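The following note sets out points for a colleague who is reviewing this model.

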Amino acid sequence: MNILDYAVKTAKKAGTFILKEQKKSLKVTKKGIRDLVTNADKASEKLIIKEILSAYPDHGIIAEESHSAKDLAKIAQAPYIWIIDPIDGTTNFANGMDQYAVSIGIFKTKSSKSSKNFEYLEGELIAGVVYAPALKQLYTAQKGKGAYLNSKRIKVSKTKKVIDAVYATGFPYKNKQTNMPYFAAILEKCRGVRRWGAASLDLCSVARGHFDAHWELGLQAWDIAAGALIVKEAGGQVTDINGNQLDLFGQDLFASNSNIHKETVQIFKTL
Ligand code: IPD
Ligand code: CA
Ligand code: CA
């Protein structure tokens, strides 16, 4: 079984588990003033990590609920790093909505070095899976091999101008207001803006052409690792908010169908 197939098998196992858990009474606790975590997030993450390490004991793992920044130097020595969000869209999940997913991105390491934001890893994303069990949507991508939804090839939209484009965005739990100038500027210039509450699925929606673009500030590597590769493999472009190379730990991201990338970045740069 290749590494993507194994990631898919693992994401499906976790997805089936969280779908069942959502129907039970969830134990919801707060990580921050607005940021929730449920017993299902923690159990899903444990299940995923156990599956990965049983097949790939020498691989590194960065996972939302158990990650600690000080582990990164050690993790960077591993040949591959699995970047995991056990439930992306926890607020939706806890409120009984369907818009949530298991997100697993696989990063092949070259070496690690320091960036201004954080310790970042040199290497590349080689595979990504986003599985939304309640929506019955399985998005997959492998570097150089295209992006798929439920095994059917997907492509980004062909929209050419910002005025004709539908954007998605999100707001971090902390510092929500930082996105307001971007939100106001894009809303003014485009056809519409949506906010669904699961960044991984926002990115997959760009990949399948439902959204023309997605931007967000205050994201974490586990929100975007899988989705960023899925967008690229669907023919899209993924950078930071200024149009520069994406830093998985840089916290901001702009993904588009490519055609509207430059025009949008110019709007962002005026802010
Ligand atoms: C959140 C979602 C949301 C985004 C937040 C993330 P979580 O992840 O992806 O769309 O706006 O910034 O933190 O907490 O549901 O895994
Ligand atoms: Ca997330
Ligand atoms: Ca999460």
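**Notes on the predicted model**

1. In this predicted model, Arg191 and Asp164 form a salt bridge through their side chains, with an N to O distance of 3.6 Å. Arg191 is placed in the loop between helix H5 (180-189) and strand E11 (192-194), and Asp164 in the loop between strand E9 (152-154) and strand E10 (166-169), so the bridge ties together parts that are 27 residues apart in sequence. Arg191 counts as exposed, at 56% relative accessibility, whereas Asp164 is partly exposed at 33%.

2. Salt bridges that share partners also join Lys31, Glu64 and Glu65 into one network. In the pair of Lys31 and Glu64, the closest N and O atoms are 3.1 Å apart. Lys31 belongs to the loop between strand E1 (28-30) and strand E2 (36-38), and Glu64 to the loop between strand E3 (60-63) and helix H3 (72-75); the pair therefore ties together parts 33 residues apart in sequence. The salt bridge between Glu65 and Lys31 likewise has its closest N and O atoms 3.1 Å apart. Glu65 is in the loop between E3 and H3, 34 residues from Lys31. Lys31 is partly exposed, with a relative accessible area of 38%, and Glu65 is partly exposed at 23%. The count of salt bridges in the model comes to six.

3. Asp85 and Ile87 are both buried.

4. The protein donors of the calcium ion (ligand 2) are Asp85 (OD), Asp88 (OD) and Asp223 (OD), at 2.1 to 2.3 Å from the ion, with the sequence spacing D-x2-D-x134-D. Distant parts of the chain are linked here, since Asp85 is in strand E4 (residues 80-88) and Asp223 in helix H7 (residues 221-233), 138 residues apart. Asp85 and Asp223 are both buried.

5. Asp202 is buried yet has no salt bridge, and the nearest side chain of opposite charge, that of Arg195, is 5.5 Å away. Beyond its neighbours within four places in sequence, Asp202 is in contact with Ala168, Thr169, Trp196, Phe211 and His214.

6. The largest nonpolar core has 43 residues, of which Ile83, Val130, Tyr139, Ile230, Leu248 and Leu253 touch the most other members. H7 supplies the largest share of this core, nine residues. Because domain 1 (3-153) and domain 2 (162-269) both give residues to this core, it lies between them. Setting aside neighbours within four places in sequence, the contacts of Leu253 include Leu203, His214, Trp215, Ile224 and Val238. Another core, of 27 residues, lies apart from the largest one, and among its members are Ala63, Ile104, Ala127 and Val129.

Methods:
Residues are numbered from 1 along each chain as its sequence is written. Chains are lettered from A and ligands numbered from 1 in the order in which they are written. This is a predicted model: local features need pLDDT of at least 70, side-chain atom pairs count only at pLDDT 80 or more; totals for chains, interfaces and linings use all residues. Side-chain values use heavy atoms; hydrogens and water are left out. Buried means under 20% relative accessible area, exposed over 50%, partly exposed in between (1.4 Å probe, protein chains only). Lys and Arg count as positive and Asp and Glu as negative; His and the chain ends are not counted. A salt bridge is a side-chain nitrogen of Lys or Arg within 4 Å of a carboxyl oxygen of Asp or Glu. Contact means heavy atoms within 4.5 Å. Donors are N, O and S atoms within 2.8 Å of the metal (3.2 Å for Na, K and Ca); water is not among the atoms, so sites may look incomplete. Helices (H or I, at least four residues) and strands (E, at least two) are DSSP runs, numbered from the N terminus. A nonpolar core is a set of buried Ala, Val, Leu, Ile, Met, Phe, Trp, Tyr and Cys residues joined through side-chain atoms within 4.5 Å. Domain bounds come from an automatic or database domain assignment.
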